[in-house]
Amino acid sequence: MTDDNAPVRFDTKIAVLLRDDLETWQRLNVTAFLVSGLGTQVPEVIGEPYADADDTPYLPMFRQPVMVFAGSKEILTGAHAKAVSRGVTLSVFTSDLFATGHDEANRAAVRAVRRDGMDLVGLAVHGPRNAVDKILTGASMHP
């Protein structure tokens with residue numbers, strides 16, 4: 001007999017790393033933006049659609065938890081370099097994106113800065129559990 005509610009240990013990890021000096025609204029906004037693209041590039045992280053007892057349909061969501069971490073600018077910069085070198089699925093949010101108003105302007109703002117010059121305020125990664133853990137070395141769980 002199996003317990004349908006037993007915790008599942010996933011081989012992969014979805015993690016968001018936020019710079020620890022962001023305001024609360026920024027942390028929430030950055031997290032939402034960062035994870036929004038994962039399902040388009042890694043469709044297996046998305047579960048099945050939901051429905052309530054009245055058959056009202058709801059969108060599918062991630063099938064595994066999203067872990068949220070915080071760290072200094074230096075930890076974020078180091079995590080970014082490790083993620084790029086390991087080739088994991090990665091999204092970034094730079095401080096410049098707080099001043100843009102739409103997707104095209106966001107992409108242009110990221111495109112305008114070399115990788116090592118970006119003022120990162122957040123990143124999201126998906127990959128093998130151990131690789132993601134190594135990328136996040138030094139970060140702590142978001143309070």
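**Briefing: cores, strands and aromatic rings of a predicted model**

Val16 is buried, with 0% relative accessible area (buried means under 20% relative accessible area, exposed over 50% and partly exposed in between, with a 1.4 Å probe and protein chains only). The model is predicted: local features need pLDDT of at least 70, side-chain atom pairs count only at pLDDT 80 or more, and totals for chains, interfaces and linings use all residues. Residues are numbered from 1 along each chain as its sequence is written, and side-chain values use heavy atoms, with hydrogens and water left out.

**Overall architecture**

- The protein has five helices and seven strands; helices (H or I, at least four residues) and strands (E, at least two) are DSSP runs, numbered from the N terminus.
- Along the sequence these elements follow the pattern β-α-α-β-β-β-α-β-α-β-α-β.
- Taken along the principal axes, the C-alpha atoms fill a box of roughly 55 × 35 × 30 Å.
- Of the 143 residues in the protein, 34% are buried.
- Among contacts with a separation of 6 or more, 74% join residues 24 or more positions apart; contact means heavy atoms within 4.5 Å.

**Surface and charge**

- The accessible surface comes to about 9,100 Å², and carbon and sulfur atoms account for 54% of it; areas come from the Shrake-Rupley method with a 1.4 Å probe, and for residues only the protein chains shown count as cover.
- There are 14 positive and 18 negative side chains, and the centres of the two sets lie 12 Å apart.
- In this count Lys and Arg are positive and Asp and Glu negative, while His and the chain ends are not counted; each charge is placed at NZ of Lys, CZ of Arg, CG of Asp or CD of Glu.

**Nonpolar cores**

- In soluble globular proteins, nonpolar side chains tend to be buried together.
- The largest nonpolar core has 15 residues, and those with the most contacts inside it are Ala15, Leu17, Phe69, Leu123, Val125 and Leu136; such a core is a set of buried Ala, Val, Leu, Ile, Met, Phe, Trp, Tyr and Cys residues joined through side-chain atoms within 4.5 Å.
- At least two residues of this core come from each of strand S1 (12-19), helix H3 (73-86), strand S6 (120-128) and helix H5 (129-135).
- A second, separate core of 11 residues includes Val16, Leu22, Ala109 and Ala124.
- Leaving out residues up to four places away in sequence, Ala15 touches Met67, Phe69, Leu123, Ala124, Val125, Val132 and Leu136.

- Val16 lies in strand S1, and its contacts beyond four places in sequence include Thr31, Leu34, Val66, Val68 and Ala124.
- Val16 and Gly39 are 23 residues apart in sequence, with their C-alpha atoms 14 Å apart in space.
- Leu18 also lies in strand S1 and is buried at 1% relative accessible area.
- Beyond its neighbours within four places in sequence, Leu18 is in contact with residues including Arg27, Val30, Ala70, Gly122 and His142.
- Gly122 is in strand S6 and counts as buried, at 0% relative accessibility.
- Not counting residues up to four places away in sequence, Gly122 touches Leu17, Leu18, Val30, Leu34, Leu76, Ser91, Val92 and Phe93.
- Gly122 and Ala70 are 52 residues apart along the chain, and their C-alpha atoms are separated by 8.9 Å.

**Aromatic rings**

- The model holds three aromatic pairs; rings of Phe, Tyr and Trp (its six-membered ring) pair if their centres lie within 6.5 Å, and planes under 30 degrees apart count as stacked, over 60 as edge-to-face and the rest as tilted.
- The ring centres of Phe93 and Phe98 are 5.2 Å apart and the planes are at 50°, so this pair is tilted.
- Phe93 is buried, with a relative accessible area of 4%, whereas Phe98 is partly exposed at 28% relative accessibility.
- Ring pairs link Trp25, Phe33, Phe93 and Phe98 into a cluster.
- Phe33 lies in helix H1 (residues 24-36) and is partly exposed at 44% relative accessibility.
- Apart from neighbours within four places in sequence, Phe33 is in contact with Phe93 and Asn106.

**Backbone at Asp55**

- Most residues other than glycine have a negative phi.
- Asp55 has a positive phi of about 65° although it is not a glycine.
- Asp55 is placed in the loop between strand S2 (50-51) and strand S3 (57-58), and counts as exposed at 63% relative accessibility.
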